[in-house]
Every structure is written in structure tokens, then in C-alpha cells.
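User: I would like to learn how to read a model like this one. Can we go through it feature by feature?

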Amino acid sequence: MQHLTNRAILINRNPMTLAERLYVPAIAKGLKVTVSHIFKKKATVSYPEEKRPFAPVFRGLHVLNRDEEGRERCTACGLCAVACPAEAITMEAAERKPEEAHLYREEKYAAKYEINMLRCIFCGFCEEACPKDAIYLSETVMPSNYSRRSMIYKKDDLLIPHPKKQEDNK
Amino acid sequence: MSDTPKFKVTIDNITVEVPAGTTILNAARLIGGDVTPPAMCYYSKLENSGGKCRTCLVEVSKGSEKDPRPMPKLVASCRTTVMDGMEVKNITSERVIDARKGVVEFLLINHPLDCPVCDQAGECDLQDLSYEHGSEQSRLDFPKRTFEPEDIGPNIQLHMNRCIMCYRCVFTAEQLTQRREHGVLERGWDSQISTYLNKALDNEFIGNIIDVCPVGALTDKTFRFKQRVWFTKPMDAHRDCPTCSGKVRLWFRGEEVFRVTGRKDKWGEVEEFICNTCRFDKKRASDWVIEGPTKVNRHSVISQNHYRGAVEAQKELIREIIGKEPKMLLDIHTVSDVNRPEIHLSEIHGPSHSNDFLPNQKLEGQRKLEVGKK
């Protein structure tokens with residue numbers, strides 16, 4: 001028989017010898033592996049009592065950032081959406097009214113901002129593309145949910161809490 | 001034309017024969033490609049334009065056949081005519097590359113870094129130029145020049161902070177309209193494009209100043225903040241217009257026409273100027289005869305996420321493989337607030353505001369019930 005590659009391993013298909021047919025050495029060999037694992041360090045942790053540390057590059061759930069005064073940083077420039085390989089991000093922009101100056105940092109802001117978490121692959125390209133430091137991937141594991149509808153994260157789900165309002169609550 | 005003598009000119013070692021009186025820039029455009037110097041102020045359709053921005057500087061290493069001395073300084077190629085036997089260096093000259101970098105730095109001195117907000121981003125000449133020739137860092141320690149926002153009418157938005165003083169819009173108004181109502185006021189650092197004492201620009205052809213503007217200083221108010229340029233898809237279309245040729249480019253998002261512009265050629269210049277009615281008032285696809293999608297350079301951001309010749313999955317095949325009808329588990333429009341069918345952003349005159357996005361009560365209620373536990 002001709003092999004396509006030289007990596008093929010030929011299997012010995014000769015009938016088993018008496019020693020092999022007894023199976024005892026094979027069982028002992030298997031038990032040795034099993035028993036040796038009892039003395040090894042456990043590979044699992046008892047979550048949620050115990051938590052593993054995150055890697056410094058961990059990319060979790062997205063957050064939309066605010067500045068020191070609590071104004072939204074996002075200007076709906078669309079760079080995250082165009083960088084997104086999964087096409088998970090959509091948005092609609094609006095012009096800021098004069099009385100809304102305390103809410104939004106720039107003249108233009110994202111009136112609607114949505115991330116489809118069913119599509120998101122957590123690559124972090126949106127974070128890299130953002131020129132306004134507005135979107136970050138946090139150290140929170142994306143929570144699971146029972147319905148698909150609730151996996152469409154809207155702006156309210158993504159925005160971090162207002163820094164001043166949070167102080168008032170304390 | 002037959003009696004005008006032909007001159008041989010060599011640009012970056014490529015020889016081309018052009019009629020006498022042609023500028024170096026136009027000779028280079030005949031060759032095309034990387035050899036062509038960039039131009040921010042020169043516009044071939046406008047008389048007297050050019051000579052202001054200095055981005056088209058080239059080195060003339062041999063003046064002509066009769067006088068082979070090189071020109072001592074770099075010359076503006078849009079204003080210098082060719083001589084017989086002239087040799088020009090553009091990208092092959094270190095001096096030109098260095099000078100262009102300096103010019104870009106000068107142009108960017110007062111240009112704000114507000115590309116994320118600017119509607120021109122994605123089709124901006126200055127953005128392309130600084131990407132290609134500029135440095136990443138600004139060396140300016142002083143505050144940038146700023147102006148009070150000025151209202152110049154219901155259709156055109158003026159952002160004086162972004163202006164690079166190319167004078168293209170002034171020439172457009174001068175040469176296309178009966179009476180020019182805007183121009184450059186003040187001098188030097190303070191010079192600004194303005195109407196004299198808050199007039200509105202209302203000429204039927206004044207909308208063309210949006211197309212000729214190389215930066216985002218003059219933008220379309222009816223398109224303001226509606227969509228980013230790269231999310232819209234350009235289509236060539238025409239209509240029977242009594243005032244202009246009616247040949248335009250429509251910028252679609254889904255079925256909606258978000259913007260109408262003139263057709264720009266590969267040098268970023270409009271082929272034919274269009275009237276305000278076509279530009280601002282005909283925002284429905286039914287107003288136009290659509291010729292087909294515009295050919296967009298593959299490397300342009302406008303071609304991002306626009307798939308041409310995409311092959312859809314065969315419905316029959318899916319059914320065969322899974323052995324049943326494929327079931328849609330989630331219709332995104334039942335959840336999403338973006339691109340809602342009852343809100344037509346393209347029909348709002350001017351930018352949309354917070355009150356244009358009133359929450360969909362039905363959607364919100366349903367969502368609260370389901371997501372409440374999150």
C-alpha cells in the first residue's frame with residue numbers, strides 16, 4: 001500500500017499472545033496511571049468559592065466608558081463597527097442639543113448603540129479601534145442567559161454607572 | 001489643437017508627450033498612479049484654482065532641453081507649465097517627500113483632530129494625505145485657531161475650524177453662480193470663510209461647494225451625523241432634471257437614500273456639478289433611475305463590509321442536510337432599536353436629535369419582562 005505521507009504508523013494485527021490474552025499486565029498498567037493521579041495536584045478549582053485569576057489580557061464583557069464628569073465618551077464614529085469581524089456592533093448617531101451638554105462629551109453621540117452578544121467573538125478589535133477610549137472589554141465573564149433576545153446588549157446595559165450619581169447613593 | 005507644439009516631459013522616469021501649456025500636475029495625471037502629486041486646492045474644473053496648499057510640490061531636475069539647469073527650489077506642479085525635455089522628480093525625490101511631510105504638518109496645524117465626529121471622515125482628502133505623508137505626532141504647543149460656529153443656511157454646514165483655506169468653494173461660487181455671497185474675510189491667521197454679515201447661501205448651485213471641499217469644513221446638513229460614509233453604499237443614478245445634468249451618486253443604507261452627491265472621478269473631482277434640488281430634496285429611491293453600484297477602490301474604507309458577488313447559502317441544501325425546514329430562532333428586528341422600520345432617518349431634514357428616537361414602548365415592555373432578571 002502506498003502512503004500519502006510518511007507519518008503513517010503501521011498497526012500490528014498479529015493474534016495476541018497468551019500473556020496479552022490474560023489482560024492482567026494491561027489492567028495493572030492502566031491502574032498505575034489512575035492511582036498516580038490521586039497524588040497529583042488537582043486541575044480544577046471549586047468555583048464559585050474559589051476563583052482563578054484573570055490573565056492580564058483577558059477580554060470579557062464590553063463596557064461603554066464615561067469621562068470624569070460622567071458624560072458619555074462615545075461619539076458614534078463607527079470605527080468599532082467597521083473593525084468588528086463578526087459585525088456584532090450597530091449604532092445610530094444623533095446631534096447633541098445644547099441642554100444635553102452634560103450628558104455627552106461631544107457634539108455628536110450614539111443615540112442607539114447595540115452589541116449582539118450572540119455574534120461577538122470577544123476579539124477586542126472594537127477596543128483597539130476606538131479613538132475616544134469609549135469601549136473597553138472588562139474583566140467580567142459574559143453571563144449566560146436563557147433567551148436569545150436578552151443577548152442583544154443595548155446602550156443602557158453597556159454604560160458604566162455615572163460616577164457622581166454613584167457617590168450620591170453611597 | 002494641431003498647431004500647439006507637443007512637449008516631451010519625463011516625470012519619475014516616465015516620459016509623456018503633452019501639448020504646450022499643460023501643467024506638470026496634469027501631465028502627471030495623464031500617467032496616473034503614484035506619479036501624480038496629491039492636490040488639496042487645485043481643481044481642474046475651476047479656473048484659477050491651485051497654488052495655495054503646496055502639497056503638489058515637485059522637483060524639476062532639468063528645466064528644459066534648451067536650458068538644462070535644474071530649478072533651484074521645489075515648484076508647485078499645479079501652477080508650473082511643462083517645457084520641452086523637462087525632467088521632473090516626484091516620489092523619486094527625497095526633497096519632495098520631506099517637503100510634503102512639512103506641508104502636511106502645516107495644513108494640520110489648525111485642523112482639529114475631530115475625525116470621529118466629522119462627516120467627511122472616510123472620503124477626506126486631508127485624511128488620506130496625512131495618512132500617507134504626515135507624521136503621527138503634532139509638534140504644536142499652542143492652542144489651535146478656533147472660530148464661532150456660523151449658520152450659512154438650511155442645507156450647508158460650515159465648520160470653519162476644519163478649513164484649510166484652499167479657496168475652492170470661493171471659486172465654485174464665483175464661477176458657477178451669478179452672485180457670490182461668501183468669501184474669505186480677514187487676513188493671515190484670522191482669515192475665514194464667511195458670508196458677509198450672516199447671509200444664507202441659497203443659490204441653486206451652491207450645494208457644489210460641499211463636493212469641492214477637500215476637508216469637512218463644508219458638509220451636507222441633510223446628511224449630518226446620519227451615517228458614517230463607509231456604512232453607506234454608493235450607486236450611480238440619474239434623473240431628468242430641468243436645471244442640471246441630473247447625473248449623481250446616491251449613498252444608500254438599506255433601501256434609504258441618505259445622501260446625494262456629484263459623481264467624483266479618480267482624482268476626487270466631480271464630473272458634473274449638480275443642482276440643489278437634486279442634492280437636498282430628492283431623497284427617495286423612486287425619484288431616481290438607478291444605473292448600478294459605483295466601482296469603489298478595494299482599498300477604500302467605503303468598500304469595507306460591502307460584499308460583491310457574495311454567494312448565499314442554498315436554502316434547498318440546508319433543508320437536505322438538517323432534514324427539516326430551517327427555523328429562525330431570533331428575528332433581530334423584534335429586539336433591536338437600531339434601523340427600526342418606523343424611523344426614517346433619511347427623511348429628517350438636518351441632523352437627528354434625541355427626540356427622533358423615542359423608545360418603542362412595545363419593544364421595551366417585552367424586553368423588560370424577559371431581561372428583568374439580568
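**Reading the model, feature by feature**

Analyst: Start with the domains of chain B. The domain assignment gives domain 1 (6–104), domain 2 (112–220) and domain 3 (224–333). Keep in mind that this is a predicted model.

User: How far apart are the centres of domain 2 and domain 3 of chain B?

Analyst: Over C-alpha atoms, the two centres are separated by 27 Å. The contact draws 16 residues from domain 2 of chain B and 18 residues from domain 3 of chain B.

User: Which elements of domain 2 of chain B give two or more residues to the side that touches domain 3 of chain B?

Analyst: They are helix H5 (208–212) and strand E9 (218–220) of chain B. By class, that side of domain 2 of chain B has four nonpolar, six polar and six charged residues.

User: What does chain B contain overall, in helices and strands?

Analyst: Chain B has eight helices and 13 strands. Its C-alpha trace spans about 85 × 60 × 50 Å along the principal axes. Of its 374 residues, 34% count as buried. Among contacts in chain B between residues at least 6 apart in sequence, 63% join residues at least 24 apart.

User: How do I describe a pair of packed helices?

Analyst: Two packed helices are described by the angle between their axes and by the distance between the axes. Take helix H2 (residues 94–109) and helix H3 (residues 125–133) of chain B: their axes come within 10 Å and cross at roughly 135°. H2(B) and H3(B) are therefore oblique to each other. Their crossing is left-handed.

User: Which residues of H2(B) and H3(B) meet?

Analyst: H2(B) brings Arg100(B), Lys101(B), Val104(B), Leu107(B) and Leu108(B). H3(B) brings Leu126(B), Leu129(B), Ser130(B) and His133(B). By class, this contact has five nonpolar, two polar and two charged residues.

User: Now burial. Which residues of helix H1 (residues 24–31) of chain B are buried?

Analyst: For burial, the count is of other C-beta atoms within 10 Å, and 20 or more make a residue buried. In H1(B), the buried residues are Ile24(B), Leu25(B), Ala27(B), Ala28(B) and Arg29(B). Their cover includes strand E1 (6–11), strand E2 (14–19), E3 and strand E5 (86–89) of chain B. Just after H1(B), Gly32(B) takes a positive phi of about 80°.

User: How many of the eight residues of helix H7 (residues 315–322) of chain B are buried?

Analyst: The number buried is zero, so H7(B) lies largely in the open.

User: Is Pro72(B) buried or exposed?

Analyst: Pro72(B) counts as exposed, with 7 C-beta neighbours inside 10 Å. Its place is the loop between strand E3 (57–62) and strand E4 (75–76) of chain B. Pro72(B) and Asp84(B) are 12 residues apart in sequence and 18 Å apart in space, C-alpha to C-alpha.

User: Where is Cys241(B) found, and what is Cys241(B) in contact with?

Analyst: Cys241(B) is in the loop between strand E10 (233–238) and strand E11 (247–253) of chain B. With 15 C-beta neighbours inside 10 Å, Cys241(B) counts as partly exposed. Leave aside its neighbours within four places in sequence. Cys241(B) is then in contact with Gly246(B), Cys275(B), Thr277(B) and Cys278(B).

User: What joins Tyr47(A) and Pro48(A)?

Analyst: A cis peptide bond, with omega about 5°. Pro48(A) sits in the loop between helix H2 (24–38) and strand E1 (62–64) of chain A.

User: Last, the two chains. How many residues of chain A are in contact with chain B?

Analyst: There are 28 residues of chain A in contact with 25 residues of chain B. On the chain A side, strand E2 (89–95) and strand E3 (108–116) each supply at least two residues. E2(A) gives the most, with six residues. The residues on this side of chain A divide into eight nonpolar, six polar and 14 charged.

Definitions and conventions. Residues are numbered from 1 along each chain as its sequence is written. Chains are lettered from A and ligands numbered from 1 in the order in which they are written. This is a predicted model: local features need pLDDT of at least 70, side-chain atom pairs count only at pLDDT 80 or more; totals for chains, interfaces and linings use all residues. Domain bounds come from an automatic or database domain assignment. Two residues are in contact if their C-beta atoms, placed from the backbone, lie within 7 Å. Helices (H or I, at least four residues) and strands (E, at least two) are DSSP runs, numbered from the N terminus. Ala, Val, Leu, Ile, Met, Phe, Trp, Tyr, Cys and Pro count as nonpolar, Asp, Glu, Lys and Arg as charged, and the others, Gly among them, as polar. A residue is buried if 20 or more other C-beta atoms lie within 10 Å of its own, exposed if 12 or fewer, and partly exposed in between; C-beta atoms are placed from the backbone. Axes are lines fitted to C-alpha atoms, for helices over the stretch in contact, and angles run from 0 to 180 degrees between N-to-C directions. Angles under 35 degrees count as roughly parallel, over 145 as roughly antiparallel, 65 to 115 as roughly perpendicular and the rest as oblique. A crossing is left-handed if the near helix is turned anticlockwise from the far one by less than a right angle, and right-handed if clockwise.
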